Amino acid sequence: MSTPFPFTAVVGQDDLRLALLLNAVSPAVGGVLVRGEKGTAKSTAVRALTSLLPAVDVVPGCRFSCAPGAPDPGCPDGPHGADRGEDRPARMVELPVGASEDRLVGALDIERALADGVKSFEPGLLADAHRGILYVDEVNLLHDHLVDVLLDAAAMGSSYVEREGVSVRHAARFLLVGTMNPEEGELRPQLLDRFGLTVEVAASRVPEQRVEVVRRRLAYDADPVSFAERWAGDEAAVRERVTAARALLPRVVLGDTALLRIAACCAGFEVDGMRADIVMARTATALAAWAGRTEVRKEDVRQAALLALPHRRRRNPFDAPGLDEELLDRILDGFPDEDPEPEPEPEGPGDDGPEGGPDGGPDGGPGGIPPQGGAPDAPEAPDPADDPAAQDPAAPEPEPEPAESAPRAGQDGPAPEQAAVRASATFRTKVLSVPGLGEGASGRRSRARTAHGRTTGSHRLRGRLTKLHLAATVQAAAPHQRARGRSGPGLVLRRDDLRQAAREGREGNLVLFVVDASGSMAARQRMGAVKGAVLSLLLDAYQRRDKVGLITFRGGSAELALPPTSSVDAAAARLEKLPTGGRTPLAAGLLKAREVLRIERLRDPSRRPLLVVVTDGRATSGPDALGLAARSARLLAEEGTASVVVDCETGPVRLGLAGRLAVDLRGTAVTLDGLRADSIAGLVKDVRTASDTHHHLRRAA
């Protein structure tokens with residue numbers, strides 16, 4: 001077994017270490033979601049936490065880690081007698097991104113249940129993680145239904161498995177830790193709220209800290225055992241402190257003033273629901289126990305707010321998580337302390353007198369985790385929360401004055417840029433979906449064969465049984481019972497009798513935006529409406545769990561502004577800063593889209609694309625620009641690419657070029673106004689074929 005990197009050897013990342021330790025003290029806090037860029041020790045810190053947890057006393061032979069003194073009465077391996085328990089180290093179980101639901105919750109042997117009436121249950125990862133840590137790397141890439149199952153089990157402390165009326169329940173209490181890179185997509189707000197605490201991590205910009213990170217990593221890679229031995233004393237001190245804090249936790253008093261401060265913080269920051277209040281109360285109590293105190297103070301409530309509230313304030317996917325600390329201090333200062341003379345803090349493991357506590361240890365960092373011996377104390381990295389630009393990368397820039405410049409005739413080179421225009425207000429869009437039945441990743445846009453959804457039929461078993469169609473199985477087995485010599489109440493089944501349920505649900509698609517940023521679109525009011533429409537479609541893509549990409553074309557070429565990603569807020573940030581001006585190389589934009597889709601089909605063949613072209617249909621770059629654009633569109637149509645053309649043409653005289661482009665793409669044309677869900681204009685839910693396109697063009701006319 002490999003030697004893990006010591007928890008106390010992690011450089012910086014004070015909030016991350018503190019959040020993990022608070023959950024180790026009180027698992028009722030509800031886990032930690034760690035958000036941050038790659039290479040910031042997220043996984044390293046989580047894996048290192050296991051060695052700090054106390055050993056677990058379990059019933060010998062129990063696959064569900066029941067405690068000898070209080071075994072789970074519903075344990076599938078029970079009932080347990082009064083046998084003496086055995087100690088084992090706390091486990092850390094990792095949930096892979098591609099795991100199935102059966103791997104997570106466990107699997108029932110339906111064949112034995114039908115034939116013999118026996119509940120044969122194979123425990124899943126939730127059972128393995130009971131009384132330990134369940135770690136989900138890249139939790140934002142996990143299928144939504146798995147995240148729902150995971151968070152339900154974490155909230156209830158048990159897992160419930162049911163297949164065709166056969167059910168099993170077992171305890172599943174664990175410390176849930178998820179990590180994610182926001183650039184790869186966000187979690188839904190409902191799922192964010194289920195994590196107790198959230199921590200933002202970033203690489204230090206202080207050279208001395210970066211040097212120390214490299215020095216420690218090289219030393220660990222050269223000799224992990226010797227490196228761990230150098231930190232054994234610090235690890236033991238923190239382990240003892242966790243044990244002491246757990247013992248002290250039941251005696252911590254959460255006074256009325258502290259409760260009022262917690263309620264005022266949640267109300268002042270307009271947090272939805274009551275979960276935030278409960279999490280803050282548990283976190284503040286854990287902070288007091290970690291500091292060796294028996295009462296909750298104002299600094300505990302403040303630190304609890306910084307950990308529990310930022311991710312609960314998001315109102316839409318384009319909002320960056322964060323907290324106004326000045327407002328937080330004003331709210332807290334509105335309540336006088338119950339005891340103006342605080343009692344001296346007792347010294348605990350890892351404390352160095354009054355410097356220890358929830359806000360500072362012997363090295364000035366939370367948790368009292370000392371630095372490596374002989375290493376110089378590096379200055380703290382600047383907090384990105386202090387920088388408004390870092391808090392909201394998608395925030396629009398102040399609107400500049402209108403630019404009057406226009407592209408010169410014959411210009412095909414670099415386009416003269418006009419300043420970015422602020423987007424108009426977003427709106428709810430009509431549903432656009434890809435025709436046919438797909439088999440892509442679970443989502444909410446187009447029809448698809450999925451593991452979850454309504455049952456539409458059955459088919460013979462191919463591979464492993466995942467969802468039994470009970471009626472079809474009984475119907476297939478019934479005619480053969482006499483020939484098989486059935487004598488008892490159970491069916492005599494053969495594998496050929498089993499029928500897999502066919503289900504239909506919704507899939508997520510790749511929505512590729514091709515946006516005209518040329519001079520013909522540069523009127524401020526017009527471009528603002530275009531950006532507002534694209535942002536509305538991005539918001540719709542976020543809600544339907546799509547991947548998105550962004551191509552822009554202007555001047556003499558097209559640019560892939562954002563490669564396909566699950567991060568719609570990254571697309572929104574690129575769109576907000578989009579400049580305009582120059583000629584209109586429509587064909588270049590379409591050909592760039594064709595190339596991007598070709599590559600994406602190789603990477604993810606099951607994810608079907610939806611092409612959204614936002615243009616007025618003009619093409620002015622090069623000779624026969626309209627003819628070249630038409631031929632490029634027909635290439636996309638021949639490859640079966642579903643498409644929508646959002647017609648941005650305005651004014652009393654309209655050329656109808658966007659409608660012609662939709663015909664060449666064998667797609668649908670819709671105006672900006674017709675894109676709204678509450679619009680009277682007709683836009684069907686599916687992207688139709690060429691014959692349907694002509695029908696819609698006549699209606700629009």
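**A helix and its surroundings**

Guide: The chain contains 22 helices and 19 strands, where helices (H or I, at least four residues) and strands (E, at least two) are DSSP runs, numbered from the N terminus. The model is predicted, with local features requiring pLDDT of at least 70 and side-chain atom pairs counted only at pLDDT 80 or more, whereas totals for chains, interfaces and linings use all residues. Residues are numbered from 1 along each chain as its sequence is written, and side-chain values use heavy atoms, with hydrogens and water left out.

Of the 701 residues in the chain, 49% are buried, that is, under 20% relative accessible area, with exposed meaning over 50% and partly exposed lying in between (1.4 Å probe, protein chains only). The chain has an accessible surface of about 32100 Å², and carbon and sulfur atoms supply 51% of this; the areas come from the Shrake-Rupley method with a 1.4 Å probe. Among contacts (heavy atoms within 4.5 Å) with a separation of 6 or more, 79% link residues 24 or more positions apart.

Because 6 of its 8 residues are buried, α2 is largely enclosed by the rest of the structure. The buried residues are Lys 42, Ser 43, Ala 45, Val 46, Ala 48 and Leu 49. Their cover includes helix α1 (14-25) and the strands β1 (32-36), β4 (92-94), β7 (133-137), β10 (175-180) and β11 (197-201).

Consider the helical side of this cover. The axes of α1 and α2 come within 11 Å and cross at roughly 30°; axes are lines fitted to C-alpha atoms, for helices over the stretch in contact, and angles run from 0 to 180 degrees between N-to-C directions. The two helices, α1 and α2, are therefore roughly parallel to each other, a term for angles under 35 degrees. The crossing of α1 past α2 is right-handed, meaning that the near helix is turned clockwise from the far one by less than a right angle. From α1, the contact is made by Leu 16, Leu 20, Leu 21 and Ala 24, and from α2 by Lys 42, Ala 45, Val 46 and Leu 49. Such spacing may be read against a general rule: an α-helix has 3.6 residues a turn, so residues three or four places apart point the same way.

The strands β4, β7, β10, β1 and β11, named above among the cover of α2, form an open sheet in the order β4-β7-β10-β1-β11, with parallel pairing; two strands pair if DSSP finds at least two bridges between them. At the edges stand β4 and β11, each of which pairs on one side only. From one strand to the next the twist averages 20°.

The individual pairings can be followed through the sheet. Strands β7 and β10 run parallel and are joined by 5 bridges, with Tyr 135 opposite Val 177 in β10. Strand β10 also pairs with β1 in the parallel sense, over 4 bridges, and here Arg 35 stands opposite Met 180 of β10. On to β11, strand β1 is joined by 5 bridges, again running parallel; the bridge partner of Leu 33 in β11 is Thr 198.

Strand β1 itself is mostly covered, with 5 of its 5 residues buried. The cover extends to both faces of β1: Val 32, Val 34 and Gly 36 are buried on one side, and Leu 33 and Arg 35 on the other. In a regular strand the side chains alternate between the two faces of the sheet.

Leu 52 counts as buried because its relative accessibility is 1%. Neighbours within four places in sequence aside, Leu 52 is in contact with Phe 7, Leu 21, Glu 235, Val 238, Arg 239 and Val 242. Leu 21 is also one of the α1 residues that make the contact with α2.

Terms used
Parallel < 35°, antiparallel > 145°, perpendicular 65-115°, else oblique.
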